[in-house]
Amino acid sequence: MHAMHVLVLGAGPTGLGAAMVLAKEGHRVTVVEQDPPPPVGGADRVFADWKRPGVGQFSVAHILLPAGYGRLRHELPDVVDHVLERGGRPHNVIAGALRLMPRGVAEPDDARFATVAARRPVLEAALLAAAEHTEGVTVRRGTRARGLRTEVPSGAGVSHVTGLVLDEGEHLSADLVVAASGRSDLAALFPELGRQPRHIERGWRYYTRHFRSSDDGAAPHMPWPLHHHNSVSIIVVPGDSDTWSVSLVTSDRDQDLRGLAREDVWHRAIALYPGPAPWAKGEQDAAVMRAMGEIGFLLVDPATAMSKPGLTARFTELAAGAPRYAEGPDRGELLAAVG
Ligand SMILES: Cc1cc2nc3c(=O)[nH]c(=O)nc-3n(C[C@H](O)[C@H](O)[C@H](O)COP(=O)(O)OP(=O)(O)OC[C@H]3O[C@@H](n4cnc5c(N)ncnc54)[C@H](O)[C@@H]3O)c2cc1C
């Protein structure tokens, strides 16, 4: 195999994951990232102080879905070790359903719903640590790429991408450039690609607050994580180090609910939902986090759920057994609380 020098644009989960996989295959990889490195310190410091303007959703609720966790455990097990070292918690995404349902029982293959819970900054710090320990990977932070380096090889007739041009004017050459720049629009970033800028339909707006138990630091058992109500969905997910987050998710077009960004309004609103309300009483109440999401939130593949009688039965029982989580205000009451 011909060993290449690969430039990866972006040190998010995709860029770091790609860098490690490529390096393990024998390639030399340089990752270029505009944002600064994480601060030195433990998980709470990383969560509170890591500035990541390049990733709008950095501080909102994230859960590593079981399929992604499975890939990590199989291909990059070091990353999982680094997450656990930083207080990540083994978590099974359907365990909350078992607790809510009086008749549900665990089944042996429920293990496939396993993952590791960690706040997104902590998960990313673990990915970065694993990448920096991987032979062949170099991560350059605080370095913004502003253009592509291109050449027309003799006889080729069309230009080939041969590297990146950095903000400082430095040229980096490579055999391959991997664009892992997330939601930044490649057409706007690299006009030389000749693509039309795309319109990003945002869809969702997350209002997330993070909590920690005041009860000896012991994390309470997680409930079923996702609940749909009139005008909002509510997501309760575990994090590392005995933390969890509660998110009120609205349509991005719902201007009337923008007040949820305020701490007092957020607490007034969550108090209207008897199921998740107790989860909004923690010792630590970090600053409210907002981000707009392009994506929905999917925990289990509905096709799998439907084809597995055990699981389908569980969902049916869940619907019957969790009326408390279904309780909530109508839109008028919610708007009155948001003011
Ligand atoms: C509100 C919300 C909630 C979400 N919840 C979940 C969830 O629960 N579970 C889940 O699995 N996923 C979730 N996601 C999706 C998840 O956040 C993304 O899939 C993930 O961030 C994508 O990683 P990435 O590495 O591709 O891109 P990013 O994380 O966006 O990283 C791209 C990197 O490229 C860098 N970059 C961009 N341009 C340049 C440049 N010119 N020069 C140098 N660096 C550059 C950026 O600074 C950034 O660090 C959520 C997304 C949103 C919006």
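Reader: Is Thr250 buried or exposed?
Author: In this predicted model, the relative accessible area of Thr250 is 1%. The cut-off for a buried residue is under 20%. Because its value is 1%, Thr250 counts as buried.

Reader: Which strand holds Thr250, and which residues does Thr250 touch?
Author: Thr250 has its place in strand 13, residues 243-251. Leaving out residues up to four places away in sequence, Thr250 touches Gly203, Trp204, Arg205, Tyr207, Ser231, Val232, Leu257 and Leu260.

Reader: Where do the buried residues of helix 3 fall, seen down its axis?
Author: Helix 3 spans residues 66-75, and its buried residues are Pro66, Tyr69 and Leu72. Seen down the axis, these fall within an arc of 120°, so they line one face of the helix. An α-helix has 3.6 residues a turn, so residues three or four places apart point the same way. The buried residues of helix 3 therefore lie on one face, within an arc of 120°.

Reader: Which residues are exposed on the other side of helix 3, and what covers its buried residues?
Author: On the other side of helix 3, the exposed residues are Ala67, Arg71 and His74. The cover over the buried residues of helix 3 includes helix 4 (77-85) and strand 4 (114-117).

Reader: Is Leu127 buried or exposed, and which residues does Leu127 touch?
Author: Leu127 has its place in helix 6, residues 120-132. Its relative accessibility is 6%, so Leu127 counts as buried. Not counting residues up to four places away in sequence, Leu127 touches Pro13, Leu16, Met20 and Val79.

Reader: How many Å apart in space are Leu127 and Met20, C-alpha to C-alpha?
Author: Met20 is among the residues that Leu127 touches. In sequence the two are 107 residues apart. From C-alpha to C-alpha, Leu127 and Met20 are separated in space by 9.4 Å.

Reader: How many residues surround the ligand, and how do they divide by class?
Author: The shell around the ligand has 31 residues, and the closest are Thr14, Glu33, Gln57, His62 and Arg120. Helix 1 (13-24) and strand 14 (289-293) each supply at least two residues of this shell. By class, the shell divides into 14 nonpolar, 12 polar and 5 charged residues.

Reader: What percentage of the area that the ligand exposes when taken alone does the protein bury?
Author: A polar side-chain atom of Gln57 is 2.8 Å from an oxygen atom of the ligand. For Arg120, an N or O atom of the side chain lies 2.8 Å from a ligand oxygen atom. Taken alone, the ligand exposes 1,000 Å², and the share of this that the protein buries is 86%.

How values were computed. Residues numbered from 1 in each chain as written. Predicted model: local features only at pLDDT ≥ 70, side-chain atom pairs only at ≥ 80, totals over all residues. Heavy atoms only, no water. Near = heavy atom within 4 Å. Polar contact = N/O pair within 3.5 Å; in protein donor to acceptor, adjacent residues only side chain to side chain. Areas by Shrake-Rupley, 256 points an atom, 1.4 Å probe, with all protein chains shown as cover. Helix = DSSP H or I, 4+ residues; strand = E, 2+ residues; numbered from the N terminus. Nonpolar A, V, L, I, M, F, W, Y, C, P; charged D, E, K, R; others polar. Buried < 20%, exposed > 50% of the residue type's maximum accessible area, 1.4 Å probe, protein only. Contact = heavy atoms within 4.5 Å. Arc of directions from axis to C-beta.
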